[in-house]
Amino acid sequence: MDPLRTPKLADALAEHLEQLILEGALRPGEKLAPERELAAKLDVSRPSLREALDKLQARGLIETNKAGNFVSRFLTPMIDPLTSLFQSSDHALKDYLEYRCLIEGEAARLAATRATDVEREAIARCLQKLRQAHEANDIAAEAETDAELHMLIYEAAHNLVLLHIMRALYEMLRSDAFYNRSELYAKAGSRDVLLDQHFAIAEAILARDPEAAAAAATAHIRGIASTLKEMREEETRVARALRRMGRSELLARASD
C-alpha cells in the first residue's frame, strides 16, 4: 500500500480559492489583491501562491494580465453572442421576463429559508443604500443598487447553479440585451413603485417569511413586465404619430 501523501500547499491553496469562486465569494471580473498582499493574508509563501494561481489560470478560473489577477468571467463566451441575438429578437424580452417570473419567487423563498445572519445584514444594508439613492434622486445608483440587491438574494438562496446563471443574465441586462434599466427608473412614478416592491421582497426575507417573499418577488417581475409593455406601447404610438406628421414631405406639392 502506498503511504498517505500530504497534499502540496499549492494544491490545497488552489482548491481553497476554487471553492471561493464556485460559491461566489470571489465574483467574476473581480481583481485579486496584489500577490505580496494576498500571500500575507493567506499566510503562505509567494512561490506557493504563484503556483496555485498558475493552476487556476490553467483551469480557466483566473485571468492574468499586466493589471493583475482577475476572477474569470466564465460565461462570457456564451453571453456575448447571446446578447447580440437577444437584442435583435422581438421575443427575447417576453421570454426573459417569463423566466424571471419562474425563478425570482423561488429564489426569494429559498433566501427567506436559508439566508445566514451575515447575508441578512448585507440585505438590510443594501436596502438602506437603495433608499438613499432613491432620496438623492440618483437614478444610475438606484438602478445599480437594485441589481446588487437581487444578487444578494441569489447568494442567500444558496443554490450555486441559480447564482451563476443569474449573474450571467445580469451581465446581459447591463448590456441592455433586454431593456434599459435606467429608462425603466426614469419613467414617471416607477421609482416609487420599484422601491416599495424591493422593500416588500427584502423585508419578507429578513422576517424569514418564505411565502410572502416569493409572492412579493413574483409580483415585482410582473410589475416590471406591465411597465415595460406600457413603455413599448407608448413608443409605438409616438413613432406612429411622428410618421404621420412627416407624411407631407413624401407627397407632391399642389403646384407640382
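Biologist: How many disulfides does the count come to?

Modeller: The count comes to 0 disulfides. Keep in mind that this is a predicted model.

Biologist: Okay, and what about the cysteines, is Cys126 buried or exposed?

Modeller: Cys126 is buried, because its relative accessible area is 3%, under the 20% cut-off. Cys101 is partly exposed, with a relative accessible area of 25%.

Biologist: Switching to charges. How many salt bridges does the structure hold?

Modeller: There are 16 salt bridges in the structure. Opposite charges on side chains can pair when the charged atoms come close.

Biologist: Let's take Glu106, which residue does it form a salt bridge with?

Modeller: Its partner is Arg109, and the closest N and O atoms of the pair are 3.1 Å apart. Both residues sit in helix H5, which covers residues 92-114, and they are 3 residues apart, about one turn of the helix.

Biologist: Now Lys129, what does it pair with in a salt bridge?

Modeller: Lys129 forms a salt bridge with Glu148, and here the closest N and O atoms are 2.9 Å apart. That pair links distant parts of the chain, since Lys129 is in helix H6 and Glu148 in helix H7 (residues 139-157), 19 residues apart. Lys129 is partly exposed at 40% relative accessibility, and Glu148 is partly exposed at 31%.

Biologist: Nice. Which residue forms a salt bridge with Glu155?

Modeller: That would be Arg167, with the closest N and O atoms 2.8 Å apart. Glu155 is in helix H7 and Arg167 in helix H8 (residues 160-174), so this bridge ties together parts that are 12 residues apart in sequence.

Biologist: Are Glu155 and Arg167 buried or exposed?

Modeller: Both of them are buried. They also belong to a network of salt bridges that links Arg27, Glu155 and Arg167.

Biologist: While we're on helix H7, where is Asp146 found, and what is it in contact with?

Modeller: Asp146 is found in helix H7. Setting aside neighbours within four places in sequence, Asp146 is in contact with Leu130, Tyr185 and His198. Asp146 counts as buried, because its relative accessibility is 8%.

Biologist: Let me jump to Arg120. Which helix does it lie in?

Modeller: Arg120 lies in helix H6, residues 117-135.

Biologist: What does the side chain of Arg120 reach?

Modeller: The Arg120 side chain reaches the backbone oxygen of Leu206, at 2.3 Å. If you leave out neighbours within four places in sequence, the contacts of Arg120 are Ala115, Ile205, Leu206, Ala207 and Arg208.

Biologist: And how many residues apart in sequence are Arg120 and Glu203?

Modeller: They are 83 residues apart in sequence, and 9.8 Å apart in space, C-alpha to C-alpha.

Biologist: Last topic, the surface. Which residues make the nonpolar surface patch?

Modeller: Val238, Leu242 and Met245 make a nonpolar patch of about 320 Å². Met245 lies in helix H11, residues 210-245.

Biologist: Why does Met245 count as exposed?

Modeller: Because its relative accessible area is 64%, and exposed means over 50%.

Technical notes: Residues are numbered from 1 along each chain as its sequence is written. This is a predicted model: local features need pLDDT of at least 70, side-chain atom pairs count only at pLDDT 80 or more; totals for chains, interfaces and linings use all residues. Side-chain values use heavy atoms; hydrogens and water are left out. Patches are made of residues with over 30% relative accessible area and no salt bridge: like charges are joined within 9 Å, nonpolar side chains (Val, Leu, Ile, Met, Phe, Trp, Tyr) within 5 Å. Accessible areas come from the Shrake-Rupley method with a 1.4 Å probe; for residues, only the protein chains shown count as cover. A salt bridge is a side-chain nitrogen of Lys or Arg within 4 Å of a carboxyl oxygen of Asp or Glu. Helices (H or I, at least four residues) and strands (E, at least two) are DSSP runs, numbered from the N terminus. Buried means under 20% relative accessible area, exposed over 50%, partly exposed in between (1.4 Å probe, protein chains only). Contact means heavy atoms within 4.5 Å. A polar contact is a pair of N or O atoms within 3.5 Å; within protein, one must be able to donate a hydrogen and the other to accept it, and residues adjacent in sequence count only if both atoms are side-chain atoms. A disulfide is a pair of cysteine sulfur atoms within 2.5 Å.
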